[in-house]
Amino acid sequence: MTNELLLEKIYLIVEKLMNLGGADYDSDKTTSENARKTGLVARDFGIEEWDWPQGVGLYGLNKLQLFLGQDKYMDFFKNWFEANIKKGLPSANINTTAPLLTLVDLLDEFKNADYEILCMKRAEWLMNELPKTKENGFEHVTSAIGNRNAVGRHEEQLWIDTLFMAVLFLNKMGHKYNRKDWIEESIHQVLLHIKYLYNKKTGLFYHGWTFKENNNFGEVFWCRGNSWFTFGIVDFIEAFHGHMDGGLKRYLEDTFKAQVNRLVTLQPESGLWHTVLDDKTSYEEVSGTAAIATGILKGIKLGILDGSYKIKADKAIEAICRNIDIDGTVLNVSAGTGIGMDKEHYKNIMLAPMAYGQSLALVALCEALN
């Protein structure tokens, strides 16, 4: 696709992302057990809440701003952070760390000491106060459903989502403030998650691991879960600016390449990966596809992958573009997804417009620009 066509789609997505509004907190719709099973969680909708869907949304918007080399969206960012801090931040947890991943990049622009303190405190919280699993893993603590000031404990559980939502932030903070302990801890978390979530036989990642039962729950290869690694690990490597230990770099790159080599064999003719990667009866899903395409394209640019993979990435980009509505809504995005014990759990998650769907499509199209 030409840059002109890609930019047309990009600006449609951005306009929709910035105007998603607030969450729908209709308790009748969002508090039932069935609603939770299908991914209908109020905080996940809209752009105004401070949680992971919005954090990923901000991340994508900032990626575009950096690509354009302008301060095009600075007013939006300033208003967003000011409004949320005035409202009062939700509980500290893995998912509510996601918005800080973008704030770190904006600290020099904002020149706000309170924002810097907020980022510093969260990094220290991850290090010293976040509940840890065995082997000192980051327990996947989230906001409690229905109470933004409380937390939901997933005791002794590692989730692949954590790498993107919190570990990237800690790594970035370590580099910004020359904190070797933060960098080393981020490396430890990446290696620990690979150790317990990576399936050597397939090259794919499970959604989670529990030290209580010593298993990977339903052993399902969830698309967006895998995409958090595909997308996140290249950003993690890039943050070292060429100064990562050579042995570590080769290990991470080899793991990334093994995953991508398996993913490309599972890509359907449409270009969109199935929400359960190895189950053709599961629906095809856009947000995971977008993050996978982003990781592949960036992997090519960083020299980790050769140019032959671009055919698969381009196929995904074309499919994403076909799933952008005339008003900029990114279609066929699966809702927030907890760990399931079987494939049916993932196949039953609802499809709905999400901030992270807008964002992941946005970053994919930005990576596709020449």
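Q: What makes Glu 253 count as buried or exposed?
A: Glu 253 has a relative accessibility of 12%. Buried means under 20% relative accessible area, exposed means over 50%, and partly exposed lies in between (1.4 Å probe, protein chains only). Glu 253 is therefore buried.

Q: What kind of model is this, and which rules apply to its values?
A: This is a predicted model, in which local features need pLDDT of at least 70 and side-chain atom pairs count only at pLDDT 80 or more, while totals for chains, interfaces and linings use all residues. Residues are numbered from 1 along each chain as its sequence is written, and side-chain values use heavy atoms, with hydrogens and water left out.

Q: Why is the contact of Lys 249 and Glu 253 called a salt bridge?
A: A salt bridge is a side-chain nitrogen of Lys or Arg within 4 Å of a carboxyl oxygen of Asp or Glu. For Lys 249 and Glu 253 the N to O distance is 2.5 Å, so the pair meets the rule. The two are four residues apart in helix 11 (residues 246-266), which means that about one helical turn separates them. Helices here are DSSP runs (H or I, at least four residues), numbered from the N terminus.

Q: Which label does Lys 249 get for its accessibility?
A: Lys 249 is partly exposed, at 30%.

Q: How do you know that Lys 180 and Glu 184 form a salt bridge?
A: Their closest N and O atoms are 3.8 Å apart, and the limit is 4 Å, so the pair qualifies. Both belong to helix 9 (residues 180-197), four residues apart, or about one helical turn.

Q: How many salt bridges does the rule give?
A: The count is 23.

Q: How confident is the predictor?
A: The chain averages a pLDDT (the predictor's confidence in each residue, from 0 to 100) of 93, and 94% of the residues score at least 70. Over residues 25-32 the pLDDT is below 50.

Conventions:
Contact = heavy atoms within 4.5 Å.
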